[in-house]
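Visitor: I am new to this structure and would like to know what the terms used for it rest on. Please show it to me, and then I will ask.

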Amino acid sequence: MIIRKAEYTASAVNRQQYPENSGPEIALAGRSNVGKSSLINKFINRKNLARTGNTPGKTQMLNFYHINDEWFFVDLPGYGYAKVSKDVHSRWGKMMEEYFSTRENLRAVIQVVDIRHKPSAEDQEMQAFLRTRGIPVLVAATKADKIARGQWPKYLKVIAESLNLPDWQMILPFSAESGNGLDDLHKAVEEILTV
Ligand code: GDP
């Protein structure tokens, strides 16, 4: 996929704030700090369009990025902040529920996990939730540069088992650092968008 154009369009906490411009959307879900923004930046070959690291505010919203004037990446607010209050947690749940239940443009979710770690209970819940809703989900195991390539299969197996993935479902190893997996991710996104 050739990225001709990528621009940040909107941040939203409710559906009134979603961009009106219709077009297919691919959302990214994952724990805070897992590397979603870095994956987006690598994908579109920009250093810092999606906010990385600690950017207060934007991290608790849905962030829309318009790609090639055709489709959107939607960076969903990260889950698993140990310290958030009940209020924040319930606001997060409502934002996610509203998006998943109303957004007809949604084509698929890329669930981003850290290749080094067994997925958390929240990762498992997210996977089960998406499957129940019949939303296609691609699992990307990022930070693959932190582990020797020969070890990848071992780690991917732990992730697949923990997320209870069906046998046919592949996990895509990825690294925003080295660019590993980038071509495969481009291909996967192309496929999602052409269905
Ligand atoms: P987000 O909160 O999920 O958007 O996470 P970020 O993209 O901001 O990444 C969190 C931290 O992990 C940052 O310090 C990144 O530099 C680092 N990071 C993200 N992806 C990778 C990767 O593929 N490899 C390595 N080594 N570090 C990464």
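Guide: In this predicted model, β6, α4 and β7 make a right-handed β-α-β unit.

Visitor: What makes the β-α-β unit of β6, α4 and β7 right-handed?

Guide: The test is the path from the first strand over the helix to the second, which must run clockwise with the strands pointing away from the viewer. The unit of β6, α4 and β7 is right-handed, so by that test its path is clockwise. Helix α4 covers residues 152-162 and lies across β5, β6 (137-142) and β7, at about 140° to β7.

Visitor: How do you know that β6 and β7 pair, and in which sense?

Guide: Pairing requires at least two bridges between the strands. Three bridges join β6 to β7, so by the cut-off of at least two they pair. The two strands run parallel. One of the residues involved is Ala140, whose bridge partner in β7 is Leu172.

Visitor: What joins β6 to β5?

Guide: Six bridges link β5 and β6 in the parallel sense. Val112 has Ala140 in β6 as its bridge partner. Between the two strands the chain passes through helix α3 (residues 121-133), and this β-α-β crossover is also described as right-handed.

Visitor: Why is β6 called largely enclosed?

Guide: A residue counts as buried if 20 or more other C-beta atoms lie within 10 Å of its own. Five of the six residues of β6 are buried, so the strand is largely enclosed by the rest of the structure. Strand β4 (residues 71-75) is mostly covered, with four of its five residues buried.

Visitor: What are the partners of β4, and how does β4 run against them?

Guide: Four bridges join β4 to β2, and these two run parallel. Glu25 has Phe72 in β4 as its bridge partner. Strand β3 (residues 62-67) is joined to β4 by five bridges, and this pair runs antiparallel.

Visitor: Why is the pairing of the whole sheet called mixed?

Guide: Strands of a sheet can pair either parallel or antiparallel. Here β3 and β4 run antiparallel, whereas β2 (residues 25-30) and β5 (residues 106-114) pair in the parallel sense over six bridges. The seven strands form an open sheet in the order β1-β3-β4-β2-β5-β6-β7, with mixed pairing. β1 (6-12) and β7 (171-173) each have a single partner strand and stand at the edges, so one side of each has no neighbour in the sheet. From one strand to the next, the twist averages 25°.

Visitor: Which residues touch the most other members of the largest nonpolar core?

Guide: They are Leu28, Leu39, Phe73, Val74, Val139, Ala140 and Ala141, in a core of 38 residues. The elements that give two or more residues to this core include α1 (36-44), β3 and α4. The largest share, five residues, comes from β5. Beyond its neighbours within four places in sequence, Leu28 is in contact with residues including Leu39, Phe73, Val74, Ile110 and Val112.

Visitor: What confidence does the predictor give?

Guide: The pLDDT averages 91 over the protein, and 94% of the residues score at least 70. For the complex, the predictor gives an ipTM of 0.99 and a pTM of 0.94.

How values were computed
Residues numbered from 1 in each chain as written. Predicted model: local features only at pLDDT ≥ 70, side-chain atom pairs only at ≥ 80, totals over all residues. Axes fitted to C-alpha atoms, helices over the stretch in contact; angles between N-to-C directions. Contact = placed C-beta atoms within 7 Å. Buried ≥ 20, exposed ≤ 12 C-beta atoms within 10 Å, placed from the backbone. Core = buried A, V, L, I, M, F, W, Y, C linked by C-beta atoms within 7 Å. pLDDT = per-residue confidence, 0-100.
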